[in-house]
Amino acid sequence: MATTSRTVQRRVWLWRWRNNPLRRRSDRAEAWVILCAWLFAPLAGVFAGQTTAGAVGHDLAERRARVSAVRAVLTENAVTTPQTAPGYTESVAWATVRWTAADGSPHTGPAKVEPGTKTGAQVTVWADRADKLVSRPLTASQARWEAALFGALAGSGAAGGVLVGGRVVRIRLDRQRMAEWDREWEQVGPRWRRTTG
């Protein structure tokens with residue numbers, strides 16, 4: 001039984017390729033579309049995934065290189081009630097901090113700190129090359145995970161796009177075949193009715 005079903009499946013799959021007087025040109029075109037879609041979908045997915053992951057990883061590494069950790073001093077008490085948005089578990093408070101840039105110039109600005117931190121406490125903040133406070137950059141392992149996630153999404157989208165494109169071409173071929181059958185029936189239908197009536 002299993003051998004027979006495998007043989008039937010193989011014959012059904014190869015039907016579009018074999019020499020058959022009933023095979024139309026659109027059947028052969030559909031077979032090529034299916035073959036190309038299944039061959040190019042994985043290739044497009046791998047190429048898009050690797051390219052996107054590499055670009056995202058490079059961008060995140062550049063961001064990490066442009067910022068540096070700076071020791072700052074709080075110039076005011078941090079709010080004791082944490083400010084949390086719905087759905088977020090991180091509790092932070094905003095407070096003004098003062099730090100000295102590499103050139104010795106003093107700077108102040110708002111930064112996220114632990115709730116309840118007192119004036120004069122030292123905290124670590126992140127500043128870019130223009131000495132503006134920025135959010136903490138992702139660690140190398142977090143950046144790898146994010147790059148991999150974006151790569152997987154891009155790869156899946158590219159492979160899916162190729163398969164959807166192949167499906168759209170097959171639908172158009174089916175519509176074309178139906179239109180051909182309608183035209184043929186318009187020619188044969190009246191003669192058929194006369195012979196059967």
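L74 is in contact (heavy atoms within 4.5 Å) with A95, T96, V97, V113, T117, K118, T119, G120, A121 and V123, leaving aside residues up to four places away in sequence. The model is predicted: local features need pLDDT of at least 70, side-chain atom pairs count only at pLDDT 80 or more, and totals for chains, interfaces and linings use all residues. Residues are numbered from 1 along each chain as its sequence is written, and side-chain values use heavy atoms, without hydrogens and water.

**Core**

- L74 also belongs to the largest nonpolar core, which has 13 residues.
- L74, V97, V123 and V125 have the most contacts inside this core.
- Such a core is a set of buried Ala, Val, Leu, Ile, Met, Phe, Trp, Tyr and Cys residues joined through side-chain atoms within 4.5 Å; buried means under 20% relative accessible area, with a 1.4 Å probe and protein chains only.
- β1 (68-74), β2 (93-100), β3 and β4 each give two or more residues to the core.
- The largest share, 4 residues, comes from β2.

**Sheet**

- An open sheet of 5 strands runs in the order β3-β2-β1-β4-β5, with antiparallel pairing.
- β3 and β5 stand at the edges with a single partner strand each, so one side of each has no neighbour in the sheet.
- Strands are DSSP runs of E, at least two residues, and helices are runs of H or I, at least four, numbered from the N terminus.
- Two strands pair if DSSP finds at least two bridges between them.
- β1 and β2 pair in the antiparallel sense over 2 bridges.
- V73 has R98 in β2 as its bridge partner.

**Largest pocket**

- The largest pocket has a volume of about 580 Å³.
- Its lining has 19 residues, and K112, V113, T124, W126 and R136 are the closest to its centre.
- A pocket is an open set of points on a 1 Å grid over the protein atoms alone, where a 1.4 Å probe fits, with protein on both sides within 12 Å along at least five of seven lines; lining residues have an atom within 4 Å of a point.
- Volume is the space filled by probe spheres set on the points, which are joined across faces, edges and corners.
- β3 (106-113), β4 (122-127) and β5 (133-134) each supply at least two lining residues.
- The lining divides into 11 nonpolar, 4 polar and 4 charged residues.

**Second largest pocket**

- The second largest pocket has a volume of about 220 Å³.
- Helix α2 (residues 25-66) gives the largest share of its lining, 4 residues.
- Among the lining residues are L60, R63, D128, R136 and E146.

Technical notes: Ala, Val, Leu, Ile, Met, Phe, Trp, Tyr, Cys and Pro count as nonpolar, Asp, Glu, Lys and Arg as charged, and the others, Gly among them, as polar. Buried means under 20% relative accessible area, exposed over 50%, partly exposed in between (1.4 Å probe, protein chains only).
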